[in-house]
2 protein chains.
Amino acid sequence: MAPNPNPPQEFAALFAKIDELKPKFIERLQEAVAIPSVSGDESLRPEVVRTAHFLKEELEKLGAKDIELRELGTQPPPVANKDLQLPPIVLSRFGNDPNKKTVLVYGHYDVQPALKEDGWSTDPFTLTQVGDVLYGRGSSDDKGPVIGWLNAIQAHNELGLELPVNLVTCFEGMEESGSLGLDQLIAQEAQAYFKGVDAVTISDNYWLGTTKPVLTYGLRGVNYYEISVKGPAADLHSGLFGGIVAEPMTDLVKLLATLVETNGKINIKGIEEQIAPLTAAEDALYDDIEFDVEVLNQATGSQTALYKTKKEILQHRWRYPSLSVHGIEGAFYEAGAKTVIPAHVKGKFSIRTVPNISSEKLTLLVKQHIDSEFAKLGSPNTATVELIHDGDYWVSDPHNSQFTAASLATEAVWGIKPDLTREGGSIPITLTFEKELKTDVLLLPLGRGDDGAHSTNEKIDVSNYIEGVKTLSAYLHYYSKA
Amino acid sequence: MAPNPNPPQEFAALFAKIDELKPKFIERLQEAVAIPSVSGDESLRPEVVRTAHFLKEELEKLGAKDIELRELGTQPPPVANKDLQLPPIVLSRFGNDPNKKTVLVYGHYDVQPALKEDGWSTDPFTLTQVGDVLYGRGSSDDKGPVIGWLNAIQAHNELGLELPVNLVTCFEGMEESGSLGLDQLIAQEAQAYFKGVDAVTISDNYWLGTTKPVLTYGLRGVNYYEISVKGPAADLHSGLFGGIVAEPMTDLVKLLATLVETNGKINIKGIEEQIAPLTAAEDALYDDIEFDVEVLNQATGSQTALYKTKKEILQHRWRYPSLSVHGIEGAFYEAGAKTVIPAHVKGKFSIRTVPNISSEKLTLLVKQHIDSEFAKLGSPNTATVELIHDGDYWVSDPHNSQFTAASLATEAVWGIKPDLTREGGSIPITLTFEKELKTDVLLLPLGRGDDGAHSTNEKIDVSNYIEGVKTLSAYLHYYSKA
């Protein structure tokens with residue numbers, strides 16, 4: 001995908017300035033990537049905190065006001081160091097004009113672990129340009145987008161151009177480790193630091209493929225369940241007890257087998273009725289999206305796709321529920337052979353939820369299903385099912401003012417309308433912002449589908465990074481006029 | 001169970017001598033237990049070897065000939081120390097009179113691991129008498145019986161009484177770690193050191209309960225299988241791929257669910273027809289056995305018994321096959337929640353085999369079953385099933401000359417006919433001796449069902465130990481005359 005050769009006249013100077021600042025922008029990302037801010041590694045916590053300070057200094061240079069590194073207290077167990085402090089949230093503000101709209105931009109400055117010996121071609125914490133690609137941990141997830149916002153502000157500053165909106169930053173340092181403390185902070189600041197926010201923009205996902213920009217308007221939720229089957233007081237030897245006791249594993253595999261068919265059909269009664277009907281308008285959104293079954297087969301390295309057409313695949317990934325069996329706790333799991341009769345086993349499965357499946361109702365249906373299937377077994381064991389955690393689905397109107405502004409911005413930069421996509425996974429913070437700030441949320445990804453966010457050789461293409469800064473900038477302008 | 005107050009006159013002197021030597025016999029066991037011969041702990045290998053030398057010295061003192069510590073070479077991987085030597089087999093011979101029968105006695109001088117902090121009330125490697133019970137690792141499994149044979153010889157020696165049979169010892173030091181090297185040694189010595197052996201006697205199991213002596217004439221075999229289901233090339237995220245790919249776990253739990261019913265009924269066609277019919281004579285063997293469902297419930301700490309009557313329980317433990325599902329390799333198995341779609345999962349199950357189920361035919365039936373059930377799923381994944389290992393069942397004539405001699409000996413010592421039992425598990429060495437030496441094998445246990453062979457506070461009752469020495473002795477006399 002090449003950038004639009006003829007961007008709208010109104011952005012000529014801004015886009016030219018961004019192109020001019022490209023070396024500076026790459027340097028800034030380099031500095032950010034150089035700090036190994038791995039939130040999942042307790043020993044690297046000082047580096048995560050150092051990244052917050054780095055951002056604070058950059059924000060100061062760019063003229064941000066009310067900069068705060070908001071402390072979130074100690075990290076709850078399990079932790080090796082009981083006094084481990086959570087990394088702070090970086091709050092700051094550009095402009096406070098009551099006549100302007102206010103946009104909150106969210107991103108995270110922590111990263112996934114990365115070791116050269118995992119198979120990286122370059123040092124993961126040295127941003128390295130090879131051709132038109134920048135390799136480094138966090139380049140795409142999510143330091144690239146976070147620094148992207150700073151770059152957009154710098155471009156405005158250097159042109160003496162006022163930002164068209166008030167901008168509030170909310171950058172966290174625990175996203176890769178469960179966003180501990182963030183929900184509470186958002187709730188607490190909804191009527192304080194975040195008061196007056198009109199729109200939230202999150203750049204923490206990816207294009208569907210590698211060539212066409214997207215805007216993301218939906219996410220599936222997830223309800224995670226555990227079926228617990230208990231029998232004997234302790235594990236038994238199958239030589240001594242095989243054939244004379246009711247084995248919990250026998251019951252558990254039978255229960256797990258009732259949940260879903262090989263073709264993906266969920267057998268739990270009452271779920272299908274809750275799925276929002278597919279309207280012609282929604283169905284049409286899939287027509288232009290760039291995708292095919294080969295992209296899926298390539299991603300899975302196999303021929304295990306359950307559907308052949310683009311629409312079926314994407315709709316089953318994005319707008320229909322799915323059920324996956326993840327594993328069993330308490331049974332034998334190693335290589336080789338062990339003749340154990342496990343006494344207490346826990347089967348794990350989850351259901352990806354979509355509009356309009358309610359978590360509470362789903363849990364009720366799951367319990368009814370397990371109770372009824374277990375009763376059929378006539379087992380002397382006991383079986384219970386429990387919701388381990390849930391996160392709601394999210395769906396937005398892809399034609400609201402934010403999406404419209406982002407779509408226009410994408411067209412200005414790339415010369416093409418973005419695909420309107422959803423995602424099969426969840427980004428729980430989306431829902432928290434929507435609920436607590438009572439605003440719309442836009443997911444505006446910068447990177448490509450093959451950026452390898454959580455794997456080795458994570459990268460961002462130079463064009464995605466630089467055109468991304470233009471897109472973020474143009475989006476603010478379009479949105480200010482919406 | 002109190003010993004017979006009026007043993008046959010012919011054993012009066014012998015039994016009196018054994019009673020007289022009780023302190024010496026306990027002291028000898030104490031010395032054996034004091035050496036922590038844990039074969040599963042590489043760092044304790046010198047202690048295992050030291051125990052072999054201790055036995056050698058004791059055998060020398062007792063007048064054994066041709067004593068050999070037969071080396072078995074280095075232990076095959078996985079081992080930390082590549083040059084780790086296997087502990088030797090202790091071979092020795094008492095008497096070589098062609099006019100006498102020759103009895104080979106097997107036992108093992110290695111033990112299970114034991115740490116005081118695991119919950120032992122006394123130091124596990126200090127044989128400690130509390131009331132009429134001797135606590136210590138190996139007291140019952142299997143140093144008690146091994147030392148028991150030495151004690152029997154000492155009693156004869158001190159009376160100037162010739163052993164009524166030629167006796168060959170075969171004591172190994174790797175029983176708790178797979179009896180590495182023993183099969184080959186037996187095959188190799190069948191026509192050499194073991195030439196002329198008429199009968200093999202193994203004391204390495206237990207009474208069924210705590211009050212009545214038993215002789216054991218049968219063991220189930222075991223065929224261990226692994227179903228491998230492969231789909232995607234690597235584990236996938238259920239948010240991104242749930243609902244659009246065929247998940248190997250979905251297929252695997254369905255396959256595992258087809259194998260066996262909660263009530264223990266095996267669903268694999270063709271197995272039932274192979275089970276030897278229950279004759280009236282065999283059925284009658286169960287009449288007098290001391291056992292009831294409460295013993296089973298106590299052992300499992302639950303009310304999960306599939307049968308209520310003694311006969312049903314014991315027959316399903318000993319003479320009918322059973323199928324246990326042990327676990328899954330490759331799936332999520334930890335506490336908590338992980339939203340993984342495992343790419344390659346292996347389901348483990350085993351079938352306990354009984355006369356006349358052939359291992360080869362069983363494997364064929366298992367393959368047919370899995371192939372046919374997998375075909376029904378219509379899955380794009382692949383599924384295969386593989387035999388991981390097998391060990392044959394064993395059953396002997398409980399009225400042959402060895403069993404008859406052991407029964408008479410038990411009656412002489414305890415004043416009661418022993419129960420004739422089988423076991424649900426396997427003792428593979430039984431089959432090896434039978435096959436290689438072409439002799440009958442007798443399982444003649446000394447300890448009680450609650451000795452805790454592999455758990456904390458392992459013990460042997462003083463009466464079982466001392467009356468056991470009498471039983472071994474009397475057995476040799478009765479067998480010599482058979």
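I laid chain B on chain A and got an RMSD of 0.1 Å, with a turn of 180° and a shift of 0.0 Å along the axis. The superposition is by least squares on the C-alpha atoms of residues with pLDDT of at least 70 in both copies. The two copies are thus related as by a two-fold rotation axis. In chain B, B:Val253 has the C-alpha nearest that axis, 2.6 Å from it. I also checked the contact residues (contact means heavy atoms within 4.5 Å): 100% of those of chain B recur in chain A, so the same surface serves both copies.

Ground rules: this is a predicted model, where local features need pLDDT of at least 70 and side-chain atom pairs count only at pLDDT 80 or more, while totals for chains, interfaces and linings use all residues. Residues are numbered from 1 along each chain as its sequence is written, chains are lettered from A and ligands numbered from 1 in the order in which they are written, and side-chain values use heavy atoms, leaving out hydrogens and water.

Next, the helix pair in chain A. Helices α4 (residues 143–159) and α14 (residues 462–481) pack at about 65°, axes 9 Å apart. Helices here are DSSP runs (H or I, at least four residues), and strands are E runs of at least two. The axes are lines fitted to C-alpha atoms over the stretch in contact, with angles from 0 to 180 degrees between N-to-C directions.

Last, UniProt (unreviewed entry) places "domain: Peptidase M20 dimerisation" at residues 217–375 of chain A; such annotations may be inferred rather than shown by experiment. That span is 34% helix and 22% strand, with its end C-alpha atoms 42 Å apart.
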